[in-house]
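Me: I am new to this structure and would like a close look at a single part of it. Could you pick one residue and walk me through its surroundings?

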Number of protein chains: 2
Amino acid sequence: MKMNDLIEIIDKKLDEYLKISYPQKIFKSMKYTVLLPGKRLRPVMCLEAARLFGADIEDALPTACAVEMLHSQTLIHDDLPCMDNDDYRRGKLTNHKVFGEAMAVLAGDALLTFAPQIILKNSKNLDREKLLKIMEEYFQAAGAYGVIAGQVMDIEAEKIYSAAALYDAEEKFNKDDEELLHFIHLHKTSDLFKLALRTGAIIGGADDKGLSALTKFGEKLGIAFQIADDILDETSTFETMGKTLGKDKAAGKLTYISLYGLEKARADLNALIDKCFEILSENGLQSEIFENILNKIRKC
Amino acid sequence: MKMNDLIEIIDKKLDEYLKISYPQKIFKSMKYTVLLPGKRLRPVMCLEAARLFGADIEDALPTACAVEMLHSQTLIHDDLPCMDNDDYRRGKLTNHKVFGEAMAVLAGDALLTFAPQIILKNSKNLDREKLLKIMEEYFQAAGAYGVIAGQVMDIEAEKIYSAAALYDAEEKFNKDDEELLHFIHLHKTSDLFKLALRTGAIIGGADDKGLSALTKFGEKLGIAFQIADDILDETSTFETMGKTLGKDKAAGKLTYISLYGLEKARADLNALIDKCFEILSENGLQSEIFENILNKIRKC
């Protein structure tokens with residue numbers, strides 16, 4: 001199946017799963033952000049990983065949609081005034097701008113447990129062992145050892161660098177910064193790609209070798225994606241990206257560009273994408289969809 | 001075992017489960033609110049339900065602690081400035097007052113998936129079917145069909161009544177208000193008691209009759225607990241309760257007292273506690289611990 005066909009199937013399912021129930025306001029708020037037009041990279045990758053290991057796409061759809069819901073949850077809370085304080089996301093007003101802060105906090109909370117609930121309710125063909133494995137993967141990626149660890153250190157780094165920028169712009173980047181930035185990207189970005197790929201592979205019944213290959217692939221791809229995002233934050237426009245850009249630079253924030261400069265960022269992005277292609281071919285994972293995604297990230 | 005022995009076991013386990021990992025700040029923030037001194041009613045009731053249906057307490061401990069973590073999650077987010085904006089909880093500063101708003105949002109988020117992760121990691125003696133049933137119960141209670149539904153309508157009601165109070169204090173209470181208040185209490189308060197009791201019973205292997213009895217018991221007990229809380233909000237002191245009181249009245253909020261008055265509140269509380277005793281005895285559920293809890297709520 002082509003990328004666009006998969007996106008269509010995912011969007012239809014997300015709409016179906018997020019049926020407006022009582023109290024309507026919370027479901028409308030959840031649905032608003034989840035259904036903002038997006039590239040659906042994570043659920044597409046989940047479905048593709050499942051297919052590569054022999055699963056029927058139908059069996060991976062609830063999990064793919066759950067990963068997208070979790071991704072939306074992180075966006076809703078990251079955009080809050082007490083975090084990144086963003087007004088726009090994918091060209092539309094952010095959740096708290098439409099529904100208010102209280103509802104945005106609650107919509108994020110609700111998605112965190114709605115997503116795995118969708119998996120349990122709708123994955124009729126998966127056995128109990130697979131379901132429990134998927135739950136474990138989900139909790140690990142969603143929680144304090146996963147995306148939240150990344151977001152926490154992102155916030156902490158911002159505080160350090162805003163303060164450091166005031167008195168010593170030269171000294172502020174060192175070896176520790178490299179490790180810190182790597183940690184942030186690994187958790188804030190790679191963990192969700194890894195979740196998508198690993199759960200898809202589990203549904204397909206992948207062995208340890210297959211899982212480990214997709215884990216490495218997800219890690220590298222996530223970091224490449226984040227470098228591309230940092231590059232676009234410097235070089236793109238609001239109209240193209242649908243969100244306010246240049247805020248990172250203005251805030252003196254630790255990013256791939258502030259640490260290494262644009263030229264090295266582009267070179268490292270290229271090397272990571274090459275590495276991703278290598279992992280796929282070394283492990284016999286032939287996927288036009290993965291190749292398309294990698295090429296798009298490279299060309300950011 | 002006596003109530004105090006159970007509380008001690010629970011506190012020890014909560015401390016053990018919430019080991020400070022990297023990034024330390026998020027784990028410290030999670031641990032701070034979970035370990036505030038409390039009555040531990042929900043985890044105690046989970047352990048007691050498990051015991052009543054023949055389970056070893058050890059096997060229910062991870063689930064009991066998870067329910068307390070979920071309860072703490074709701075407290076952290078309910079106390080946020082964009083929600084109830086409370087500075088004190090159990091006599092101590094609220095989470096966002098100590099760790100800042102961003103970290104309080106993230107600590108709540110983290111607890112939502114840390115809690116079920118604790119169940120999966122530590123319930124070695126539970127079979128897969130029971131684990132999946134417990135997951136389903138957890139997602140149902142924690143999400144938009146459970147406590148969040150209650151919190152959403154509580155916030156919505158507050159808006160309606162603050163506005164209504166401005167122009168028509170006489171007209172503002174009617175039959176719909178009764179249903180609305182019942183809905184709020186049923187979800188905001190009863191759902192967590194029901195979760196504690198039902199998961200405990202599932203661990204013990206209760207049949208449908210046993211589960212249904214505990215469901216009714218949890219519903220009534222939750223509403224009784226909430227009425228007691230509303231009464232104490234009117235009649236107690238900051239020193240006794242450890243939180244700011246009288247805010248509900250000042251805000252013209254919909255509470256059991258504002259709707260029915262103190263006298264009827266006390267009478268209904270008594271009737272509900274009687275009903276709880278009746279459910280226990282009708283179903284052969286003999287429990288000194290449940291009786292103690294009921295008597296304490298009655299005497300509020």
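Reply: Happy to! One term to begin with: two residues are in contact if their C-beta atoms, placed from the backbone, lie within 7 Å. Please keep in mind that this is a predicted model.

Let's take A:Ile26. Leaving aside neighbours within four places in sequence, A:Ile26 is in contact with A:Met103, A:Leu106, A:Ala107 and A:Ala110 in chain A, and with B:Ala144, B:Ile148, B:Ala149 and B:Val152 in chain B. The largest nonpolar core has 188 residues, and A:Ile26 is among the four that touch the most other members, together with A:Ala224, B:Ile26 and B:Ala224.

Now for the chain A side. Helix 2 (residues 24-34) and helix 6 (residues 101-122) of chain A pack with their axes 9 Å apart, at an angle of about 75°. Angles of 65 to 115 degrees count as roughly perpendicular, so that is how helix 2 and helix 6 of chain A lie to each other. Helix 2 of chain A brings A:Lys25, A:Ile26, A:Ser29 and A:Met30 to this contact, while the residues from helix 6 of chain A include A:Met103, A:Leu111 and A:Phe114. By class, the contact has 9 nonpolar, 1 polar and 1 charged residues.

Finally, the chain B side. Here 39 residues of chain B are in contact with 39 residues of chain A. Helices 2, 6, 7 and 8 of chain B each give two or more residues to the side that touches chain A, and helix 6 of chain B has the largest share, with 13 residues. That side of chain B has 26 nonpolar, 6 polar and 7 charged residues.

Conventions: Residues are numbered from 1 along each chain as its sequence is written. Chains are lettered from A and ligands numbered from 1 in the order in which they are written. This is a predicted model: local features need pLDDT of at least 70, side-chain atom pairs count only at pLDDT 80 or more; totals for chains, interfaces and linings use all residues. Helices (H or I, at least four residues) and strands (E, at least two) are DSSP runs, numbered from the N terminus. Ala, Val, Leu, Ile, Met, Phe, Trp, Tyr, Cys and Pro count as nonpolar, Asp, Glu, Lys and Arg as charged, and the others, Gly among them, as polar. Axes are lines fitted to C-alpha atoms, for helices over the stretch in contact, and angles run from 0 to 180 degrees between N-to-C directions. Angles under 35 degrees count as roughly parallel, over 145 as roughly antiparallel, 65 to 115 as roughly perpendicular and the rest as oblique. A nonpolar core is a set of buried Ala, Val, Leu, Ile, Met, Phe, Trp, Tyr and Cys residues joined through C-beta atoms within 7 Å. A residue is buried if 20 or more other C-beta atoms lie within 10 Å of its own, exposed if 12 or fewer, and partly exposed in between; C-beta atoms are placed from the backbone.
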